[in-house]
Amino acid sequence: MSTKSQIAKVVEVLNQARSMELYGIVQYMNQHYGLGGDDYEKLASALKKIAKDEMKHAEAFAERIKDIDNSLEPTTALAGKITTGQNVTEIFGFNTEAEEDTIEKYGEFAKICRENADPVSAVLFEKISVEEQEHLNYFSDTAAHIKNLGNSFLARQTGE
Ligand SMILES: [Fe+2]
Ligand SMILES: [Fe+2]
């Protein structure tokens with residue numbers, strides 16, 4: 001059995017992670033609308049798909065909190081201030097850093113869960129980290145294409 005203080009520590013990191021996911025949803029959807037407005041439809045739809053992954057992650061963390069204690073209300077706070085008005089050359093490097101930060105934190109959070117007798121939450125962090133790694137790969141590859149190929153890459157991102 002976990003002690004009250006162990007449970008509190010696990011719930012704290014689950015809420016921190018949920019808050020990072022909620023931030024990701026809003027940040028990526030903002031970028032989705034901006035890229036769509038600039039006619040980079042393929043990039044815009046990739047951002048929307050990733051925002052939906054973050055929605056599933058936010059939900060999974062909330063469900064885990066409810067499993068631990070059904071009387072708790074999962075956080076609704078965003079982990080950071082939303083950055084608006086980014087252009088196509090800024091977005092992918094920015095998101096690469098966000099995903100790197102997330103993977104690093106989820107590694108720490110998994111460790112905290114194990115130290116506090118909750119291997120189930122630890123596994124959840126590890127499972128979600130695999131998907132964050134896929135996001136990271138997509139963002140860093142796209143940032144590299146934009147940097148190295150420039151307009152010839154961007155010209156292929158229009159249309160459905
Ligand atoms: Fe996520
Ligand atoms: Fe992600």
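Predicted model: local features only at pLDDT ≥ 70, side-chain atom pairs only at ≥ 80, totals over all residues.
1. A helix here is a DSSP run of H or I with at least four residues, and helices are numbered from the N terminus.

2. Now for the overall picture. Taken along the principal axes, the C-alpha atoms fill a box of roughly 60 × 25 × 25 Å. Of the 160 residues in the chain, 34% are buried.

3. Next, have a look at the largest nonpolar core, which has 20 residues. The members that touch the most others are L14, A17, F109, C113 and F125. Four helices each supply at least two residues of this core: helix 1 (4–37), helix 2 (41–68), helix 3 (88–115) and helix 4 (119–149). Helix 1 gives the largest share, with eight residues. Apart from this core lies another, of eight residues, including L43, A44, A46 and I50. As background, nonpolar side chains tend to be buried together in soluble globular proteins.

4. Is L14 buried or exposed? L14 counts as buried because it has 26 C-beta neighbours inside 10 Å, and the cut-off for a buried residue is 20 or more. Leaving aside neighbours within four places in sequence, L14 is in contact with F61, R64, I65 and S121. The C-alpha atoms of L14 and A122 are separated by 9.9 Å, although these two residues are 108 apart along the chain.

5. Back to helix 3, where the note began. This helix has 28 residues and reaches 41 Å from its first C-alpha to its last, close to the 40 Å expected at 1.5 Å a residue. Its buried residues are I91, F92, N95, T96, A98, E99, T102, Y106, F109, A110 and C113. What covers them includes helix 1 and helix 4.

6. Finally, which residues does F125 contact, once its neighbours within four places in sequence are left aside? They are Y106, F109, A110 and C113. Each of these four is listed among the buried residues of helix 3.

Key
Residues numbered from 1 in each chain as written. Chains lettered and ligands numbered in written order. Core = buried A, V, L, I, M, F, W, Y, C linked by C-beta atoms within 7 Å. Buried ≥ 20, exposed ≤ 12 C-beta atoms within 10 Å, placed from the backbone. Contact = placed C-beta atoms within 7 Å. Expected span 1.5 Å × (residues − 1).
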